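Let's walk through this model one piece at a time. Keep the viewer open as you read.

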Amino acid sequence: MAVLEIKTAGEIVLKQTAAPVKKIDKRIKKLLDDMAETMYATEGIGIAAPQVGVSLRMIVVDVENKRYDIINPEIISREGSNVDVEGCLSCPDLFGEVERAEKIRVKFTTRYHKEKEIEAEGLLARCIQHEVDHLNGRLFIDIAKNIQKGKPQREGQVK
């Protein structure tokens with residue numbers, strides 16, 4: 001595994017719509033592992049392939065010590081609304097308030113070629129929505145309010 005370079009706001013790959021993963025092979029699995037290592041090394045809780053310069057629809061999320069490798073995610077339902085503070089590995093030292101659905105249902109493929117559907121709420125739902133935004137060429141700073149420099153006052157923000 002390797003720690004990869006994180007692309008920052010202004011880089012074209014972060015504004016593009018990522019392509020679907022067509023075949024899950026050793027290269028894709030290695031990329032998922034490298035993304036996870038990069039996320040852990042930078043103390044994030046989520047990372048999307050475009051953030052490491054690869055325009056493919058895959059994300060890695062780790063909330064409450066449970067890692068999800070999510071390929072070709074599709075949010076199929078949203079419920080409720082919640083505003084909370086977010087940050088992003090691609091926008092270092094910025095944070096702001098973002099409104100997201102409180103609860104979502106997401107359909108995706110696992111690294112083991114299994115179609116899966118999960119219901120997520122709270123921080124997990126927020127993190128998945130944040131990372132799926134990356135796959136659609138959208139950064140949190142495009143939708144955040146009250147953007148500030150520095151670090152938020154509390155732990156657990158989405159990165």
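**Starting at a strand pair**

Alanine 48 sits opposite isoleucine 59 in strand 2. This is a predicted model, where local features need pLDDT of at least 70, side-chain atom pairs count only at pLDDT 80 or more, and totals for chains, interfaces and linings use all residues. Residues are numbered from 1 along each chain as its sequence is written, and side-chain values use heavy atoms, leaving out hydrogens and water.

Strand 2 (residues 58-63) pairs with strand 1 in the antiparallel sense, over three bridges. Pairing here takes at least two DSSP bridges between the strands, and the elements are DSSP runs numbered from the N terminus: helices are H or I with at least four residues, strands are E with at least two.

Zoom out, and you get an open sheet of five strands, ordered 1-2-3-6-7, with antiparallel pairing. Strand 1 (46-48) and strand 7 (115-121) are at the edges with a single partner strand each, so one side of each has no neighbour in the sheet.

Helix 2 (residues 122-135) packs on this sheet, touching strands including strand 1 and strand 7; contact means heavy atoms within 4.5 Å.

Glutamate 131 lies in helix 2. Is glutamate 131 buried or exposed? Glutamate 131 is buried yet has no salt bridge, and arginine 100, the nearest side chain of opposite charge, is 8.2 Å away. Buried means under 20% relative accessible area (1.4 Å probe, protein chains only), while a salt bridge needs a Lys or Arg side-chain nitrogen within 4 Å of a carboxyl oxygen of Asp or Glu.

Note on methods:
Axes fitted to C-alpha atoms, helices over the stretch in contact; angles between N-to-C directions. Buried < 20%, exposed > 50% of the residue type's maximum accessible area, 1.4 Å probe, protein only. Lys, Arg positive; Asp, Glu negative; His and termini not counted.
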